[in-house]
Amino acid sequence: MMITGLEIENFTTFRELKVELSPRINVIIGSNGTGKTHLLKAIYALALSGQIRRDADGTKNGLEAALSDKILRLFLPAESRIGGLRSHGARERAMLSARKSDETSIAVSFNSHSTKVRFESGSSPDGTEPRPVFIPTKEVLSLVRGMRDPRYNRATVELIFDDSYIDLAEQLVRPGFEDEASSINEDPRLSSVVRQLVNLIGGRYRLNAGGGFSFEAGAYEEKPNPERSKAKHAQAYQDSTVTRFVRQGKASFASSMTAEGFRKIGVLHRLLCNGSINPGSTGVLLWDEPEANLNPKLMKKLVHVLLELSRNGQQIVLATHDYVLLKWLDLLMDKDKEDHVRFHALYRDPSPKQMSVESSDSYSLISKSAISNTFAELFDEDLVRALG
C-alpha cells in the first residue's frame, strides 16, 4: 500500500501544505530550515499507524495515546507534549492527513493544549498497513550495539536518538540470509540489487555475536548447487547453479572501522536481506540525505539501485541537498521501464509568510531550487575566473 498524498496544517514549520506523491520515487529538496526532515517524519508517523495499533490496547484512546507518543519520539520537541508541535502563532488546530492507494486515509489533529492527537472520523487505521522504513541522515550500523546494549539506560539512549534511529536499529538486527549456506536466488527481483550493493562497497556487513556489525570483504559468485543431482538427466543451467557470497580472506572489521558512506550502503543491503524492505509488500521507504558522506562517484550506482527497487513496486521518498544525486535521477530515469520521479521543492513564500511546495515530474521545470541556483552561481564564478 502506498501513500498517494499528504496534507499538513499548522504543524511545526508548515501552516498549510499539500503534496501529491508518486508511487515510484519522490525527491524532496529545499534550503536548510524548510522542513524536509519534518515532512519525511510526518509521512513515517502516519504510515506507522497500523503497526502502532497492533501494539496498542485496541481502543481508540489507546491508539491515540500510542501514536502521540511515537510522534513525540520522532520530533523530540522542547516541550514534551503534542501541543508543542503546533505552528508558532497558529490559532487553528494542527492536522496531519495521508491518503493511501486503497482510497482510505489516516488523519489526526490536535491543538496547543492537547496531550494527545485525536483521530478524525473514519480515519482510524485497521492494523493491516505494511510497515514503512525510515533511514535517517546519520548511519546506524556502527551505533546498533550501543543503542541496544542492556547495560545502557534506555532513557539515556532515547535522549540522544529520536525514534527514526531506534526503529531502524531494531529492523537492522532482524535475521536475514547472511549465513554461509544461504543464497540470494530465492527472489530474482532482489538478487541483482543485492549484488550491486555488495559490489559497490566490496563486501557486506553481518551481525556478530557481540550484537554489533562486522564488515566482510567479498562478492556474490555463481557456484554449483550442491542440492542438485549430477547423475542421469542434466538440469537447466539456472537450476544447477546458486549465487552465494564468497569471502575474500578470513579477516573482518568492526563497522566503525569502515567508511561511513559504505555503512549507509550496508544499511540498505541489510534491510533487503532480512525482508524489512521487500518491494511490493513493505511500506514506503523514506531516506533522509542518502548522499551524506557518500563518495560522489558512487551516486550513479546508488541511483540505479533505487530505480530498480521502484520498478519492483517500492515507493521511495528521499530528501536531499545534493545536485549530483538529483541529476543522476533525472538522467537515468527510463520511461520505457515506467520510471517516474517527482520532485518537490520546499521554499519559504514571503507573501503569506509560510512554507510552500512546488512539485514537478521534471527537475528542469523546478524554479524554486536553491541547489541548482547555487551550482549555476558556482559555474558562473568559475567561468569569470577562466576568462580573466
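**The open sheet and its helices**

Strand 3 (residues 25-30) and strand 13 (residues 341-349) are paired in the parallel sense through 6 bridges; two strands pair if DSSP finds at least two bridges between them. Strands (E, at least two residues) and helices (H or I, at least four) are DSSP runs, numbered from the N terminus. Within this pair, I29 has A345 of strand 13 as its bridge partner. Helix 11 (residues 323-332) packs on the sheet and touches strand 3, strand 12 (316-319) and strand 13, contact meaning heavy atoms within 4.5 Å. The direction of helix 11 makes about 145° with that of strand 3; axes are lines fitted to C-alpha atoms, for helices over the stretch in contact, and angles run from 0 to 180 degrees between N-to-C directions.

The model is a predicted one, in which local features need pLDDT of at least 70 and side-chain atom pairs count only at pLDDT 80 or more, while totals for chains, interfaces and linings use all residues. Residues are numbered from 1 along each chain as its sequence is written, and side-chain values use heavy atoms, with hydrogens and water left out.

The open sheet has 6 strands in the order 7-11-12-3-13-14, with mixed pairing. Strand 7 (133-135) and strand 14 (354-360) stand at the edges; each has a single partner strand, so one side of each lacks a neighbour in the sheet. From one strand to the next, the twist averages 15°. Helix 9 (residues 260-273) lies across strand 7 and strand 11 (285-288), and runs at about 170° to strand 11.
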